[in-house]
Amino acid sequence: MKNIAVIGAGTMGNGIAHTFAQNGYNVKLIDVSENSLIRGINTIEKNLDRMLSKEKISQAEKESTLGNITTHTDIKNGVKEVQLVVEAATENESLKLKIFKDLSDSCNDDVILATNTSSISITKIATAVNNPARLIGMHFMNPVPIMKLVEVIKGYNTSTEVLDTVFKLSENIGKVPVEVNDYPGFVANRILMPMINEAIETLYNGVAGVYEIDTVMKLGMAHPMGPLQLADFIGLDVCLSILNVMYDGFKNPKYAPCPLLVNMVTAGKLGVKSGEGFYDYSENRKAEVIAKQFQK
């Protein structure tokens, strides 16, 4: 397996493309927007330059990584002759179902189809595929080139052969795969999102301020980032979407999103991506400091 396609050139998609390309795979990065592809490649190049400045890679490795990536705006052409497709589009169930229906129609039946969804049922997504045994979850962590974990989620129909192949592939790109069963939120977000939601509830109830809540968790619990700062980094809209999936899946009020989170998303305060969330990102310097803290 040397030819990979990645659907979506956003934060997760370009990070996944970067990681595979740096490990010698031929990557076809696919997005319907040419501008998104340009931004994605620019982000990959900037991240490679950062690694180069820290002497983690050589100039030759940077050039070979970029040379391993081609861009495409059409799924049918982009997935020709690939053995694996990793979907990393927006966390929206109907969009993902459409993408996988298109992939099912465009790919050979033996191509493994993986989704980077952070919460949506793998088994549900597999209903859009003509051979559901080949569909699996590969939930990478952000930033992908740095974070080691990959949650490998086995859907109800996912074959053992596909699971084993994805495990070996994850190890080949320097990641640590962990097998997880297909339930809302999987493991990472089933534990993380209630903590973030509780931090928002703590703020909402006036127990403490943003800085104080994050400082307690960073200095008292040794978290590299406070939960409110992390929510901004993930995207408050993404946090809300994941919580809604878990609330709908479990019908348990402990997963109900805090009203403050709902109001912030409704008002367009989405965190880093919108320039304002629990913190103000209007000054570029502040956003850069957060990125560096997360990478440590």
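This is a predicted model: local features need pLDDT of at least 70, side-chain atom pairs count only at pLDDT 80 or more; totals for chains, interfaces and linings use all residues.
Helix 1 spans residues 11-22 and comprises 12 residues. The distance from its first C-alpha to its last is 17 Å, close to the 16 Å expected at 1.5 Å a residue. The helix is mostly covered, with 10 of its 12 residues buried. The buried positions begin with a run of Met12, Gly13, Asn14 and Gly15 and also include Ile16, Ala17, His18, Thr19, Phe20 and Ala21. In an α-helix there are 3.6 residues a turn, so residues three or four places apart point the same way. After helix 1 comes Gly24, which has a positive phi, near 90°.

Val178 is classed as partly exposed because its relative accessibility is 37%, a value between the limits of 20% and 50%.

A disulfide is a covalent bond between the sulfur atoms of two cysteines. For Cys258, the closest cysteine sulfur belongs to Cys239 and is 12 Å away, which is too far for a bond; the cut-off for a disulfide is 2.5 Å. Cys258 is also buried, because its relative accessibility is 0%. Cys107 has a relative accessibility of 8% and therefore likewise counts as buried, the limit being under 20%.

Methods:
Residues are numbered from 1 along each chain as its sequence is written. Side-chain values use heavy atoms; hydrogens and water are left out. Helices (H or I, at least four residues) and strands (E, at least two) are DSSP runs, numbered from the N terminus. The expected span of a helix is 1.5 Å times one less than its number of residues. Buried means under 20% relative accessible area, exposed over 50%, partly exposed in between (1.4 Å probe, protein chains only).
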